[in-house]
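Here is a friendly walk through this model, point by point. Keep the viewer open and find each pair of residues as you go.

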Number of protein chains: 2
Amino acid sequence: MRPVGLALAVVDRVAELQPIGASDLARHIALPKATVHRLLLALESYGWLERDAGPRPRWSLTVKPIGIGGRAIERKSGLRMAALSVMDSLRHETGETVHLGLLHGDKMLLIERIDGIKSVGIFLPVGTSWDLTWSSSGRAILANLSADEQREFLRTPRYRRRSETDVIPVGELMAELALVRERGFAISVGIAGANSSSIGAAIFDRHGAPFAGLSLSGAVDRLREPELMALAPLLVEAARRISMGMALQV
Amino acid sequence: MRPVGLALAVVDRVAELQPIGASDLARHIALPKATVHRLLLALESYGWLERDAGPRPRWSLTVKPIGIGGRAIERKSGLRMAALSVMDSLRHETGETVHLGLLHGDKMLLIERIDGIKSVGIFLPVGTSWDLTWSSSGRAILANLSADEQREFLRTPRYRRRSETDVIPVGELMAELALVRERGFAISVGIAGANSSSIGAAIFDRHGAPFAGLSLSGAVDRLREPELMALAPLLVEAARRISMGMALQV
DNA sequence: ACCATTGTCCCGCATTATGGGACAAATAGA
DNA sequence: TCTATTTGTCCCATAATGCGGGACAATGGT
């Protein structure tokens, strides 16, 4: 099934680099130009890719993967359904924006967002993903992994970055994670340069493994540590209710 | 590139029917069991599909397409970026939920949602798609297509359904579309049995062709025709601003 | 005006997908 | 409980198809 693998690799890279030309793309995935070209034409004929008109076409994704991704979320494990009403209550109780993310390999994937009453100014698009340590809910998941899994993650410096260049020492991160685990939530004040703060908690499957995260986010000048701490009980309770709802399903 | 086409067909159908067994799936896409089985294994190895453990595995999508779809939206035509701030203003002015949809073939695809201050209770997931006539923004697009394109759509009864069974007579729909075009917006009170009402307007590319739609939605007991009419100027102005923003790009 | 780069296509070779069929295991039915 | 049906998995000979080097013209940067 080699062509399938190559085609999917092309889709993946085009998603990342679009709009991109054929030769450039061929260089990125280290394949002969002719092969990439053939794959692009095939993917176009199946409605997954499109190119702008012109002598040097640039390729982009069509909306097809969006629809497919949407359906994937919908039927996936029932998490979204189980979480929605809880998320809505939470946003009404707190006025802040609620995010629901899914653990996906070594990333956190944003599945659903319910906007707060109070404005934040930034709206993360569903489908965004980022490193686990970057978000409060990601660190809440990290803190609740088994010791082995945790060590596995922390081994690579990639997963210990606070920003592009700033790597967190293992000891410091371990200490924070221990605290997070004990409290049941993680906080971020003014994360990653953006002017938003957040507090996150993990959601567990029926075997007790963390697989998703729930977070509350708001403008950093409104939410400093004391305010975040005050929100914690509501958030933790909401995450617990979602975990319970998931456990009841099939 | 036959295997690629088959693999994508499998992904598409699995998204629709998940969780589904191999034999069942083979019947749906009219392919030999052996072929489908091989494709499933391949797609699993590339991380696009997964199966639950057990003697009769059921296949589902992984979150991979979600991430890809998300990136597709992000870089796609800049629509989302151009629309966000306008959508945010709109929700603060009106308190209602704002939806941004993209015309995709004969469907409307939900790209972004900003939740209103007032509760609706239902949250359409990004990635949902539906027939053009079902949503107010879809009908706003329909109304602004060229006469030829419009005739093309209305020829098939599929696109004239108010519900599963209720088909709108061509004359009636044409009359409504003419009115929508003149006013610049379409309204739906209590659409499709759900308890929400909405008002929608079209967004145009720089050639003047409608390619996306903006809508305001709220609970039907709060938004009847008079209230919707009162919201119209704000919505139409917002859609116009997004169209202008798009025209300035590139 | 030059020249490196790009998009596109061709074609002989060899790799690879194909799908009927066989089998065991699991479910549905009685 | 026993039987009939369906399901998941695998094998294999045959035919089909993807492969990628290379050639060419069009393009655009300098």
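1. Let us start with one pair: S198(A) stands opposite S217(A) in β8(A). The strands β7(A) and β8 (residues 210–219) of chain A pair in the antiparallel sense over nine bridges. Two strands count as paired if DSSP finds at least two bridges between them. Strands (E, at least two residues) and helices (H or I, at least four) are DSSP runs, numbered from the N terminus.

2. Before going further, a word on the source: this is a predicted model, in which local features need pLDDT of at least 70, side-chain atom pairs count only at pLDDT 80 or more, and totals for chains, interfaces and linings use all residues, while side-chain values use heavy atoms, with hydrogens and water left out. Residues are numbered from 1 along each chain as its sequence is written, and chains are lettered from A and ligands numbered from 1 in the order in which they are written.

3. Now look at the turn. In the hairpin of β7(A) and β8(A), five residues lie between the strands, and G208(A) takes a positive phi near 85°.

4. What lies on the other side of β7(A)? There, strand β6 (residues 186–188) of chain A pairs with β7(A) in the antiparallel sense over three bridges. The bridge partner of A186(A) is G200(A), and I187(A) stands opposite I199(A).

5. Is β7(A) buried or exposed? Eight of the nine residues of this strand (residues 196–204) are buried, so β7(A) is largely enclosed by the rest of the structure. Buried here means under 20% relative accessible area, exposed over 50%, and partly exposed in between (1.4 Å probe, protein chains only).

6. Strand β3 (residues 97–104) of chain A pairs with β4(A) in the antiparallel sense over seven bridges, and G101(A) has L110(A) as its bridge partner. These two strands form a hairpin with two residues between them, and G105(A) in the turn has a positive phi of about 65°.

7. β4(A) has another partner, too: three bridges join β4(A) to strand β5 (residues 129–131) of chain A, and the two run antiparallel.

8. Now put the strands together. They make an open sheet of six strands in the order β5-β4-β3-β8-β7-β6 (chain A), with antiparallel pairing. The edge strands are β5 and β6 of chain A, each pairing on one side only. From one strand to the next, the twist averages 30°.

9. A helix joins the picture: α6 (residues 136–143) of chain A packs on the sheet, touching β3, β4, β6, β7 and β8 of chain A. Its direction makes about 35° with that of β7(A). Contact means heavy atoms within 4.5 Å; axes are lines fitted to C-alpha atoms, for helices over the stretch in contact, and angles run from 0 to 180 degrees between N-to-C directions.

10. Finally, compare the chains. A rotation of 180° with 0.1 Å of shift along its axis superposes chain A on chain B (RMSD 0.1 Å), by least squares on the C-alpha atoms of residues with pLDDT of at least 70 in both. That is the relation of a two-fold axis. The same surface serves both copies, as 100% of the contact residues of chain A recur in chain B.
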